[in-house]
Amino acid sequence: DYAKPETWLCRPRRIDACTHTSLSATVVSEDGSVRAEPFKAAANPPVDCFYVYPTVSTQGMPNSDMRVTAAEQSVITAQFARFGSTCRLFAPMYRQVTLSALRTAMAGKPNPGDPKLAYEDVRDAWRHYLAHDNKGRGVILISHSQGTRHLTQLIKEEIEGRPAQSRLIAAYLLGGQVTVADGSDIGGSFTATPLCRSAAQTGCVVAYNSFREEIPPPADARFGRAPVGQTTACVSPAALLNGGTELDAYLIAAGMGPTSNPAPDWAGQGTKIATPFVRLPGLVHGACVKADGASYFSISLTPGKGPRAKTIPGDILIGKTVLKSWGLHLIDVNLAEGDLVELAGRQSQAFLAKR
């Protein structure tokens, strides 16, 4: 029942998962010097953002219940709360297919989770938002991984060809299998929602799956490979903003946990990073690449000669073995989070100017 406040991780004008913790960052220059970067939310943003989080639930059942845990709060901080500089923030809880169910599927057994149950929760939250909160405002949809699966279905079934389509500023559908017809910005996943080709375009989609330049999608890649006649969508937010490849990454200073590489010495001098996020201008670059039947966001690093960290964490590991088929899935959003937030502001301005 999305009329109940506790079914939402984030809603405007309250202390919750989007507002309970600091979003400050430490900017680390190539020479190892650091400076603090505070975060400030917009006081009265004119548009909304609606977010569906990825597979994070550590509960032991196939589908999670509706209890808010540290896992949901952490992913809100990592992927979504920063959009508060542009949007009113809405993020529903939903009975997602859990990590436990995903591991069962990865072991070659049938996935015991129920994606239909998860999707219907997302759909019901969206319908409640439209009926009670939207009031004709423009909205940006944001998702990652399992969340992208559900928002892709939502756009097809609840937005395309309906009044809500006129309110769609953009959809940032990351780390999923959004596809287009070969040689087109449409077809595949959607019939009326094209890929974005400029920062002034609205009603369009930004999607990508990130892989290290030196570890492109293998034949068994979970992302980046599409059925015959289709291409996996790849749109670089940085390219939309300025035509370049340098990414404004907001990386988690403490690293991505025990299933990924440890966080490096970010400043290269033993400097303690006290903020939740770290930015490393000039280090991370990304470009959309089509090669060997795959379409993906190729991530490269330009370390420079200073003491600053020369690499970033983000691979999924089993022991010390990198799961190449997953790419940099864990940090899809973080790699271009600053660009995505800036793009949200630019597209919102373009949307409002047309009204």
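This is a predicted model: local features need pLDDT of at least 70, side-chain atom pairs count only at pLDDT 80 or more; totals for chains, interfaces and linings use all residues.
Strand β5, residues 87–92, gives the most to the lining of the second largest pocket, with three residues.

Now turn to the largest pocket. Its volume is about 1400 Å³. Of the 47 residues that line it, Thr55, Leu99, Leu102, His329 and Leu330 are the closest to its centre. Here the lining divides into 23 nonpolar, 21 polar and three charged residues. Which elements each supply at least two residues of this lining? They are the helices α1, α2 (99–106) and α4, together with the strand β16 (317–318). The largest share comes from α1, with six residues.

Buried here means under 20% relative accessible area. The buried residues are Ala71, Glu72, Val75, Ile76, Thr77, Ala78 and Gln79. The helix also supplies six residues to the lining of the largest pocket.

Helix α4 is another contributor to that lining. It runs over residues 146–159, and His150 is found in it. Is His150 buried or exposed? Its relative accessibility is 1%, so His150 counts as buried. What does His150 touch, leaving aside its neighbours within four places in sequence? It is in contact with Tyr94, Pro115, Ala118, Tyr119 and Val122.

Rolling a probe the size of a water molecule over the atoms shows where empty space is left. A search of the whole structure finds one cavity of 30 Å³ or more. About 40 Å³ of space lies in the largest cavity. Which residues line it? The lining is made of Leu251, Ile252, Gly255, Met256, Trp266, Pro313 and Ile331. Six of these lining residues are nonpolar, one is polar and none is charged.

Key. Residues are numbered from 1 along each chain as its sequence is written. Side-chain values use heavy atoms; hydrogens and water are left out. On a 1 Å grid over the protein atoms alone, a cavity is a set of points where a 1.4 Å probe fits but cannot get out, and a pocket is an open set with protein on both sides within 12 Å along at least five of seven lines; lining residues have an atom within 4 Å of a point. Grid points are joined across faces, edges and corners, and a volume is the space filled by probe spheres set on the points. Ala, Val, Leu, Ile, Met, Phe, Trp, Tyr, Cys and Pro count as nonpolar, Asp, Glu, Lys and Arg as charged, and the others, Gly among them, as polar. Buried means under 20% relative accessible area, exposed over 50%, partly exposed in between (1.4 Å probe, protein chains only). Helices (H or I, at least four residues) and strands (E, at least two) are DSSP runs, numbered from the N terminus. Contact means heavy atoms within 4.5 Å.
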